[in-house]
Amino acid sequence: MLPLYVTSGEPAGIGPDICLSLANRIDERPIVVLADINLLKQRAEKLNVQVELIEYQTQSASCAPGQLYVEHVPLATEVILGQLNARNAAYVLEQLRRSADYAMTGKSVGVATAPVQKSVINEAGIHFSGHTEYYQEFAGVPRVVMMLATKTLRVALATTHLPLRAVADAITPERLHQVIDILIHDLKSKFKIEHPHILVCGLNPHAGEGGYLGMEEIEVINPVLETYRAKGINMSLSLPADTLFTPENLKDADAVLAMYHDQGLPVLKSQGFGEAINITLGLPFIRTSVDHGTALSLAGTGLAKSSSLHVAVDLALDLARH
């Protein structure tokens, strides 16, 4: 059975810590951590975690509890807990490269990712916007969509990591059509929701209030949404974001489309931080991720929570069954 690969991310952060917790799982499909095996051994000793690290061989069976498959990716230099080192930037990117290559060539069912530190990769002289953009470029797809999810709420983003002053200009009919097409396609194909019900946030306060607080809803957003509604898609017109996220509105919704990062994600993370995950839609393979950062100060302390990684692995495995 094909494995699911898990990247361990920034070696000075909590990625190795939370990856060690995967040894406690019982799964029908092999789970393989991409990491320096010596780093994992050192971190296990630091955390007093009893785990048997096994180098993965193709077509290996699932691990028994207390065992963890590892594909060795060598570090460039020694890791000091909580201290970033640009010399290990290439190590982090090699994890991403292998995980993407295996998924694209049919050697895995997909990837779940632990957090990376964008700043130290850029400090190494390598332009890096994030996991999402890396996998998009590797797969050669024109657009991907970031969607975060809890057990009860899914929020997709029309724009992601943009300064707020750039958001309005980025919301074009072309972008909205691309994002909505991907969102509908993946809700149907990956999540097996035959007739998805999607709520859409307006850009401006009160969804523009009829043009008094902005014209984007009237001139750009609603005309695009009307084209989908005319095809029978169960999609709202733009709604005020301050009231859209009420339980009454969300009870029958399969997903919410927010116009920008901090419009939708604070609501979702307040509902389920540590239990939420990131899913990249639009890729030709499954990619899920934790909803938190590298937490450098918690590395090696035993205080890092691994719940988001387990939810990310659970969803990736569930999507692989479909």
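Reader: Start with Asn48. Where is Asn48 found?
Author: Asn48 is in the loop between helix H2 (37–47) and S3. Helices (H or I, at least four residues) and strands (E, at least two) are DSSP runs, numbered from the N terminus.

Reader: Before we go on, what kind of model is this?
Author: A predicted model: local features need pLDDT of at least 70, side-chain atom pairs count only at pLDDT 80 or more, and totals for chains, interfaces and linings use all residues. Residues are numbered from 1 along each chain as its sequence is written, and side-chain values use heavy atoms, with hydrogens and water left out.

Reader: Back to Asn48. What's its phi?
Author: Phi of Asn48 is near 55°, a positive value in a residue other than glycine.

Reader: Is Asn48 buried or exposed?
Author: Asn48 counts as exposed, at 61% relative accessibility. Buried means under 20% relative accessible area, exposed over 50%, partly exposed in between (1.4 Å probe, protein chains only).

Reader: And Ala207, where does that lie?
Author: Ala207 lies in the loop between S8 and H8. Its phi is positive too, about 55°, although Ala207 is not a glycine. Ala207 counts as buried, at 12% relative accessibility.

Reader: Tell me about H8. How many residues?
Author: H8 (residues 216–229) has 14 residues. From first C-alpha to last it reaches 18 Å, close to the 20 Å expected at 1.5 Å a residue. That expected span is 1.5 Å times one less than the number of residues.

Reader: Where does H8 bend?
Author: At Asn222, by about 40°. A proline, Pro223, follows within four residues. The bend is the angle between axes fitted to the seven residues ending there and the seven starting there.

Reader: What do the buried residues of H8 pack against?
Author: They pack against H7, S8 and S9, with contact meaning heavy atoms within 4.5 Å. Among the buried ones are Val220, Ile221 and Leu225.

Reader: New topic, the sheet. What's the strand order?
Author: It's an open sheet of twelve strands, S3-S4-S2-S1-S5-S12-S11-S6-S7-S10-S8-S9, with mixed pairing. Two strands pair if DSSP finds at least two bridges between them.

Reader: Which strands stand at the edges?
Author: Strand S3 (52–55) and strand S9 (234–239). Each has a single partner strand, so one side of each is left without a neighbour in the sheet.

Reader: And S6 with S11, parallel or antiparallel?
Author: Antiparallel, over five bridges. Leu148 stands opposite Asn278 in S11.
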